[in-house]
Amino acid sequence: MCKTLPTQIHLVTIKIYTRHKTNQKIAMKNSIIIFLLLFSINVFAQKSEKTKKESIYVKQLDSLMATSYERGLFNGNVLVSKDDKIIYQKSFGFTDETKQHRLNDQSIFNIGSIAKEFNAVAIMILVERGLVKLDDTVAKFNLGLPKWSEKVTIRQLVNYASGIPRIDPLVPKNDEEAWKILRNNDKLLFEPGTSYSYDNSNVFLQRRIIEKVTGISYQEFVNKNIIRPIKMTNSVFDPKSGYKNRTSCYDMDNVRCPEMEFISGWLWVDINDFYKWIEAMNANRLISQESFQTLLNNPYAKDEGGSLGRYLEKEQLQRHNGVSYKFESIFLNDFKNNVKIILLSNNLNKVWDLGYTIHHLMLGKAYEVPKKSIYQALKKEALKNVNTAIANYELLKKNTEEEYSFKNPSELNRLGYELLRLGKNEESITIFKLATREFPKDANLFDSLGEAYFTNKQYDLALSSYKKAISLGGTNGNAEKMIAQIEKIIGDKN
C-alpha cells in the first residue's frame, strides 16, 4: 500500500493542477467575453449618442433652411458634413425665374470667385513639377506685356498683390479684349508686393501662364489634372444657357439676370463635385500640404485672404465666397471641428449669413433663424419713390419688428448701394442717412454715406461723413484715402 501511495498522490496532484489550469482558461475566456461585451456596449452607446446628435443636427438644419426658404431668403442647394460624413443635403427652390424646374443635387451653379481656386491650384501643380517657380517674373513667359511684367512675380499674382492693371468685369467680352487692356496699359496700380487688389487681371494672367507652360488650354489642363482625378463628373467650364443641369440667376422680382460675357475659364459645379473638391484639398490629393498652406496664407494681406479665400488662423477656419450677378456661393471649411458647409444659390440673398448661422448651429452655439429682409421688402418701392419706401420702413418697424431684420445694418446699406449703382444718387443718400440715424455708431454706414455724397459731388458733406467714420473706428484706411482725394479736388478748384 505504501509503495503505491506516492503515485496516487501524484495523480491527484496532476488532476488538481489540470483542473486549476482549466478553470484559469475558463476564467480568462469569460473575462475576454465580458470585456468584449462591455466594449461592444460602449461602442454601441457611443454610436447611438453620435447618431442621436446627428439626428438633432438634421432637425435643426432642416428647420433653419425650410424657414429661410419660406421667408424668401434662400434659393439653392446646401450640404453639411461632420467628421467626413455628409449629415445634411437638400435643394430648395428653382433653377430659374420661370419656376418650372426644381433644383436637385445635379444642378450646376456659377460659383463666382471660388472658381479662382482652380487656377491657383493648377499653378501649384506646375510648381511641384518644377515647371514654374513662385518667384519667377511674368516677363519670363514672353506674353508680350509692358515693362511692369519684369517686376511682377507668380507669387504676387496668386496672392493678388501684383498691382497689375485692373480688368473691369463689365468691359472685356472675351480673352482677346482682356489682352488689349493689359498690353496697352503700362502703369501699375501699386508697386508689386506693397498692397492688395482682388482683381480678375491676376486670374487672367495665371490662366494664360498655365497655357504657355503646358502648351494646352487652361480648361484642358484643369480637366486632366484636377477634375478627372477627383471624379468631379458634373462640372463644366463656361456652360451656355440651355446646357443640361445649368441654373440661371434671377432676382426677387423673378427677373432673370443678364448672361455675363467675360474672360474664359470659369468652372460651374454641382454641390457633390464641390464637396469632392474640398475633400481632395483637405487630403492633399492634388497638391502637398505645404503648397496648400502657401495658398491659404497670404503673406501680403493676411486679413484679406487670397486664392483659397480667407484663413482665420485662430479658429482654424477657411472661408471663401463668390458672387456673380445674383449667383452667390460660400463654403466654410472648419479644420478644428471637422465641419464643412456649402451653400450654392442662384438668387443672391442671405447665403453669407446662413453659412455662419449653420456653423454656429454645428458648434452648439446660439443662433438665430434669419428674419425677413428689409432690403428685399423695400427695394421695389425705393426704386419708384424713396420717401414712400421710408414710410413703409417705419410702418413695418412699428407693426412687425420681430419678423424683419431691423437690427442688421447691412440691409439698409445694401439698399443704399443698389440705388447708387443705378445712378439714383439723391435716393441713395436718403437711404444712407436713414441708416446712420438707425445705427449712429456704425463707421461703415458713415463711410457709405460719404461715398454717396462724393458720387453726387457734395464734397463738404462727404468730408464730414468720412471724418465721422474715422471717429467711430475707421474703415481700414478707406475714409482716410477718400479724405485725401477730396481735399485734392477742393484744392485744385481753389
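1. Which residue takes a positive phi in the hairpin of strand 7 and strand 8? In this predicted model, that residue is Tyr325, with a phi near 50°, and the hairpin has two residues between its strands. The two strands run antiparallel and are joined by eight bridges, with Ser324 standing opposite Phe327 of strand 8.

2. The pairing here is antiparallel over three bridges, and Tyr311 has Gln318 of strand 7 as its bridge partner. Strand 7 itself, covering residues 317–324, is mostly covered, since six of its eight residues are buried.

3. These strands belong to an open sheet of six strands, paired antiparallel in the order 2-1-9-8-7-6. Strand 2 (85–92) and strand 6 (310–312) each have a single partner strand and stand at the edges, so one side of each is left without a neighbour in the sheet. From one strand to the next, the twist averages 10°.

4. Elsewhere in the sheet, strand 8 (residues 327–334) and strand 9 (residues 339–345) run antiparallel and are joined by seven bridges, and Leu332 stands opposite Ile341 of strand 9. Helix 7, formed by residues 271–282, packs on the sheet, where it touches strand 1 (76–82), strand 2, strand 8 and strand 9. The direction of helix 7 makes about 145° with that of strand 9.

Terms used: Residues are numbered from 1 along each chain as its sequence is written. This is a predicted model: local features need pLDDT of at least 70, side-chain atom pairs count only at pLDDT 80 or more; totals for chains, interfaces and linings use all residues. Side-chain values use heavy atoms; hydrogens and water are left out. Two strands pair if DSSP finds at least two bridges between them. Helices (H or I, at least four residues) and strands (E, at least two) are DSSP runs, numbered from the N terminus. Axes are lines fitted to C-alpha atoms, for helices over the stretch in contact, and angles run from 0 to 180 degrees between N-to-C directions. Contact means heavy atoms within 4.5 Å. Buried means under 20% relative accessible area, exposed over 50%, partly exposed in between (1.4 Å probe, protein chains only).
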